[in-house]
Amino acid sequence: MSHWYPSPDPMAAAGQAREAFREAFGGEPDGVWAAPGRVNLIGEHVDYNGGLCLPIALPQSTVAAVRRRGDDVVHVTSTGKEPWRGTLGEIAPGQVKGWAGYAVGVPWALARGTAGPQGEPLGQNGFEAAIVSQVPIGAGLSSSAALECAIVLALDDLAAQRSGRAPLGHGDAGRARLARACVHAENEIAGAPTGGMDQAASLRARAGHALSLDCRDFSVRHVPFEAAGAGLAVLVMDTRVHHALVDGRYGSRREVCREAAATLGVASLREVAFETLDDALARLDHDEHRRRVRHVVSEIERVRRAVAVLRSGRLGGLGPLLDASHASLREDYQVSCAELDLACDAARDAGALGARMTGGGFGGAAIALVRAASAELVADRVANAFAATGFADPAFLLATPAGAARRLA
Ligand code: GLA
């Protein structure tokens, strides 16, 4: 028997967030905002190389009940977590530990580079927020980006309401700017040197579509992705191995890519054309550099092919691309782990068309493209394989492409 995450219910989460707000701060919030987690179909560890990714937003969201304050006090709470209370002036790199950095880093970043449409400053006011997350935490499904994005949308909306302007979040260009502020917050205040895919997915995805994201300029295209129409489903397999992007292994991959690009004389590895990959590899002296470059350049090519598959409507063609991506992440990028490998192998043995780890790796989740009718069977087989190996019980959900972050109430 496999363990499944409960179906997400945003309105129930909104009710819980309101309730938590009343308890923590008294009175009513000004509003409630929700931002989804994401699962990346393909294009892993390429965003910080200016590459291409193909995430979808999940139906699971992080929900924030927020009230603007007249002073500079920021107070955030989240179920089961240590609350954080301080002033805007106390938020600085290295000063906020743990989960709260993702939330309170947002006003810090807004104040340092994101102005409203008429140049009015953002991130100048204190606020209170009560947070409820339906996105599994530490599972590689971007619970942290969802938190940032719910907060950024709230702060933008409340500032807009006050000054009688349209929120930046009402248009895609404005959302791209808000996403940039969230990345800045995550990099500088939370200390996770991540690349921007997650925030783009959470703020800019479209229901029923995958987000074809070009990280050279963060331009997006929405590609229809209706797996159900083709009798297929994307099964997310959370290994329950907690993954964290602040422990140095993620950052060291990023650094090696930067070094390899410098050796090759290009601004980013995106500039290495797939057709010239062998030449590029021959110019690199270190085995580690060759492996990382081979992954990045081949993965970007797989994303191009995956987009073509989605456009053709013959979604089964994704399977071999997912398998090749996983092999590359395991062998060349070395960010997989025994649990992710087993989840993918067991899913394939149970009939999945393809499977790969998704997100940063070192734990977290994998995805499998399965026939919709056999999703439960595949999950059961994966759970059995985990039990037989003595691994912790994995947990499952089905990823249908949901819409981007929004105001709920
Ligand atoms: C994490 C990061 C993203 C991206 C992925 C790997 O999710 O937050 O920026 O680098 O890992 O593709």
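## The ligand and its surroundings

The ligand takes up the space of the largest pocket. On a 1 Å grid over the protein atoms alone, a pocket is an open set of points with protein on both sides within 12 Å along at least five of seven lines, and a molecule sits in one if more than half of its atoms lie within 2 Å of its grid points.

This is a predicted model, in which local features need pLDDT of at least 70, side-chain atom pairs count only at pLDDT 80 or more, and totals for chains, interfaces and linings use all residues. Residues are numbered from 1 along each chain as its sequence is written, and side-chain values use heavy atoms, with hydrogens and water left out.

So who's around the ligand? There are 14 residues, with Glu44, His45, Asp47, Asp198 and Tyr250 the closest (a residue is near if one of its heavy atoms lies within 4 Å). The shell splits into four nonpolar, six polar and four charged residues, with Tyr counted as nonpolar and Gly as polar.

| Residue | Part | Distance |
|---|---|---|
| Arg38 | side chain | 2.8 Å |
| His45 | backbone | 2.6 Å |
| Tyr250 | side chain | 2.5 Å |

Taken alone, the ligand exposes 310 Å², and the protein buries 99% of that (Shrake-Rupley, 1.4 Å probe).

An automatic or database assignment gives domain 1 (3-223) and domain 2 (227-399). Each of them supplies at least three residues to the ligand shell. Their C-alpha centres lie 25 Å apart, and 42 residues of domain 1 are in contact with 54 of domain 2 (heavy atoms within 4.5 Å).

Key
Polar contact = N/O pair within 3.5 Å; in protein donor to acceptor, adjacent residues only side chain to side chain. 1 Å grid on protein atoms, 1.4 Å probe; cavity = no way out; pocket = protein on both sides within 12 Å on 5 of 7 lines; lining within 4 Å.
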